[in-house]
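Dear colleague,

Please find below the structure that I am handing over to you.

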Amino acid sequence: MRCVTCEKLSFYMICKSCQARFFTPVFNKREISKNFFVYSFYEYDVVKDLLNSKYQFYGDRIYNILAKLSFAKFALNFDFIDSVDVVAIDDHTRHDFSHTAILAKHLKSKLLNYKIDILKANNQIKYAGKTLKFRKENPRDFVYKGLKNRIVILVDDIITTGTTILEAKKVLEKNGCKVLFALTLSDAKF
Ligand SMILES: [Zn+2]
């Protein structure tokens, strides 16, 4: 196959040299409500086209590479005493793989248990290009099927306005969970 970035022949969807040159994660932090932070790894312009691969059949391979370079490394350095549930925000199920589940899976470690299919959006309307007002008027309407009273890290692929993540956080808190922070691949404002 050819590398999606440099188009040279490669064994991977993103060749090893492009992985090193363009996809070394840069840690970024945004406060979306008081003392609640979303951490991300890539500037939006760097991964914009790749994130859209979730609509393609090869999207899972792209997400696996990016997750390995960023989320997996983060998990290695994660220091926490209690065990923590990693909850993937699942807001579209158009394909047989969930891109956020791939990200969550790469956080798996001794203290991080990844959970998929436990936080589902009833409303799967597309937010891309929509205003904050539109997003607030059309909430995701999440259903949480996980355990109550857990310590949780939320995972999504991108943060734009933060409404989705804050809505997910609220649902988890109603279930007695404490949400430490959220992790996303990319921040649209970064
Ligand atoms: Zn390449």
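**Findings**

In β8, Thr-184 is the bridge partner of Ser-40. This pair belongs to the contact between β2 and β8, which pair in the parallel sense over five bridges. Please note that the model is a predicted one.

**Overall dimensions**

The protein holds seven helices and eight strands. Its C-alpha atoms fill a box of roughly 50 × 40 × 30 Å along the principal axes. For 190 residues, a compact globule would have a radius of gyration near 16 Å, and the protein agrees with this at 16 Å. Of the 190 residues, 32% count as buried. Among contacts between residues at least 6 apart in sequence, 70% join residues at least 24 apart.

**The sheet**

Six strands make up an open sheet with mixed pairing, in the order β1-β2-β8-β7-β3-β4. At the edges stand β1 (28-33) and β4 (112-115); each has a single partner strand, so one side of each is left without a neighbour in the sheet. On average, neighbouring strands of this sheet are turned by 25 degrees against each other, direction ignored.

Glu-31 stands opposite Phe-37 in β2. The two strands, β1 and β2, form a hairpin with two residues between them, and Asn-35 in the turn has a positive phi of about 60 degrees.

Helix α7 lies across β1, β2, β7 and β8 and runs at about 160 degrees to β7.

Which residues of α2 are buried? They include Val-47, Leu-50 and Leu-51. Seen down the axis of α2, the buried residues fall within an arc of 95 degrees, so they line one face of the helix. In general, an α-helix has 3.6 residues a turn, so residues three or four places apart point the same way. The cover over the buried residues of α2 includes β2, α3, β7 and β8. On the other side of α2, Asp-45 and Asp-49 are exposed.

**The nonpolar core**

The largest nonpolar core has 41 residues, of which Leu-66, Val-86, Leu-103, Val-152, Leu-154, Val-155 and Leu-185 touch the most other members. Two or more residues of this core come from each of β2 (36-43), α2 (44-51), α3 (59-69), β3 (84-88), α5 (99-105), β7 (151-159), α7 (163-174) and β8 (178-187). The most is given by β7, with six residues.

Val-86 deserves a separate entry. Leaving aside its neighbours within four places in sequence, Val-86 is in contact with Ala-104, Leu-107, Leu-112, Asn-113, Tyr-114, Lys-115, Ile-153 and Val-155.

**Individual residues**

Three further residues may be of use when you inspect the model.

- Glu-7 is found in the segment before α1 (16-22). Its phi is positive, at about 65 degrees, although Glu-7 is not a glycine. Glu-7 is exposed, because 10 other C-beta atoms lie within 10 Å and the limit for an exposed residue is 12 or fewer.
- Asn-149 has its place in the loop between β6 (142-144) and β7. Asn-149 likewise is not a glycine, yet has a positive phi of about 60 degrees. With 8 C-beta neighbours inside 10 Å, Asn-149 counts as exposed.
- Lys-174 lies in helix α7. Lys-174 is exposed, with 10 other C-beta atoms within 10 Å. The C-alpha atoms of Lys-174 and Tyr-144 are separated by 9.7 Å, and the two residues are 30 apart along the chain.

Yours sincerely

Notes. Residues numbered from 1 in each chain as written. Predicted model: local features only at pLDDT ≥ 70, side-chain atom pairs only at ≥ 80, totals over all residues. Core = buried A, V, L, I, M, F, W, Y, C linked by C-beta atoms within 7 Å. Buried ≥ 20, exposed ≤ 12 C-beta atoms within 10 Å, placed from the backbone. Helix = DSSP H or I, 4+ residues; strand = E, 2+ residues; numbered from the N terminus. Contact = placed C-beta atoms within 7 Å. Pairing = 2+ DSSP bridges. Axes fitted to C-alpha atoms, helices over the stretch in contact; angles between N-to-C directions. Arc of directions from axis to C-beta. Rg over C-alpha atoms; globule rule 2.2 N^0.38 Å.
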